[in-house]
Amino acid sequence: MNLKHSYALIAPFYDAFLTATTHAVRGRSLAALSGQPPGDVLIAGIGTGLDIPHLPPQHRYVGIDLTRAMLAKARRRAIGLPVRLVQGDVHRLPFAGERFDAVVLHLILAVVPDPKACLAEAARVLRPGGCIFVFDKFLKPGERALWKRALNPLTRRFATRLDVVFEEVLAATPDLTRHHDEPAMADGWFRLIQLGKRA
Ligand SMILES: C[S@@+](CC[C@H](N)C(=O)[O-])C[C@H]1O[C@@H](n2cnc3c(N)ncnc32)[C@H](O)[C@@H]1O
């Protein structure tokens with residue numbers, strides 16, 4: 001089974017598990033968008049659209065996801081907000097370089113098979129001076145995390161990776177600098193990170 005198939009099966013249940021647990025953290029992550037002038041924002045791996053209630057109205061949004069069933073739920077949530085939804089792969093974004101003022105990477109960087117390619121693509125489509133908002137679960141450099149690494153071969157096939165070290169992913173994209181990094185949930189396993197692209 002690949003992620004596209006498994007997320008099609010997960011779609012009907014996703015919100016029941018993730019809405020309440022992540023609502024406040026999403027609000028914290030996306031608060032910075034409110035103070036920005038109107039721009040173009042990409043939500044990569046938008047899923048069922050749990051970020052949508054936190055999106056301020058002045059921007060234009062594009063949401064991309066691999067899974068049609070997740071996008072169908074996002075579409076219902078997006079009514080009334082300028083959100084264009086596209087089916088596609090975050091490893092190969094179908095957008096021109098420097099097209100967006102901000103990119104949201106919530107629960108996608110540690111999900112996809114190749115997080116370095118995902119972050120490099122986010123950086124490519126981001127304009128210089130733009131911002132990337134990350135919310136995800138990461139191992140710390142050198143962390144042994146035996147049970148997470150043991151489960152990873154199974155979980156990475158149908159839901160998420162458990163072995164991604166953010167610092168290793170970031171090091172592969174030298175255009176980006178880390179502006180902010182704070183623990184978000186589960187004793188700091190989940191983190192809120194803001195990255196900027198050098199102007
Ligand atoms: C854990 S969910 C996160 C959804 C949403 N970002 C959130 O915060 O709730 C992961 C999402 O990534 C999507 N996905 C997985 N691999 C992808 C890929 N290569 N390109 C685009 N989306 C992908 C899945 O379909 C799923 O909707």
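Colleague: Which residues is leucine 50 in contact with, leaving aside its neighbours within four places in sequence?

Modeller: First, this is a predicted model: local features need pLDDT of at least 70, side-chain atom pairs count only at pLDDT 80 or more, and totals for chains, interfaces and linings use all residues. Residues are numbered from 1 along each chain as its sequence is written, and side-chain values use heavy atoms, with hydrogens and water left out. Contact means heavy atoms within 4.5 Å. With those sequence neighbours set aside, leucine 50 is in contact with Tyr14, Asp15, Leu18, Thr19, Thr22, Arg26 and Arg77.

Colleague: Is leucine 50 buried or exposed?

Modeller: Leucine 50 sits in the loop between strand S1 (40-44) and strand S2 (60-65). Buried means under 20% relative accessible area, exposed over 50%, and partly exposed in between (1.4 Å probe, protein chains only). Leucine 50 has 6%, so it counts as buried.

Colleague: How many helices and strands does the chain have?

Modeller: Helices (H or I, at least four residues) and strands (E, at least two) are DSSP runs, numbered from the N terminus. Follow the sequence and you get the pattern α-β-β-α-β-β-α-β-α-α-β-β. In total, that's 5 helices and 7 strands.

Colleague: What radius of gyration does the chain have, next to that of a compact globule?

Modeller: Here the radius is taken over C-alpha atoms, and the globule rule is 2.2 Å times the number of residues to the power 0.38. For 199 residues the rule gives a value near 16 Å, and the chain agrees with it because its own radius of gyration is 16 Å.

Colleague: And what percentage of its residues is buried?

Modeller: The C-alpha atoms fill a box of roughly 45 × 40 × 30 Å along the principal axes. Among contacts between residues at least 6 apart in sequence, 66% join residues at least 24 apart. As for burial, the share of the 199 residues is 52%.

Colleague: Which backbone oxygen does the side chain of arginine 161 reach at 2.7 Å?

Modeller: Arginine 161 is in the loop between helix H4 (146-158) and helix H5 (166-171), and it's buried at 13% relative accessible area. A polar contact is a pair of N or O atoms within 3.5 Å; within protein, one must be able to donate a hydrogen and the other to accept it, and residues adjacent in sequence count only if both atoms are side-chain atoms. The backbone oxygen reached at 2.7 Å is that of proline 113.

Colleague: Which side chain does threonine 160 join in a polar contact of 2.8 Å?

Modeller: Threonine 160 also lies in the loop between H4 and H5, buried at 13% relative accessibility. Its side chain reaches the backbone oxygen of alanine 110 at 3.1 Å. The 2.8 Å polar contact goes to the side chain of lysine 137.

Colleague: What is phi for leucine 107?

Modeller: Most residues other than glycine have a negative phi. Leucine 107, in the loop between S4 and helix H3 (115-125), has a positive phi although it isn't a glycine. At 14% relative accessibility, leucine 107 is buried. Its phi is about 50 degrees.

Colleague: What about phi of glutamate 98?

Modeller: Glutamate 98 is in the loop between strand S3 (83-87) and strand S4 (100-106). With 48% relative accessible area, glutamate 98 is partly exposed. Its phi is positive too, near 55 degrees.
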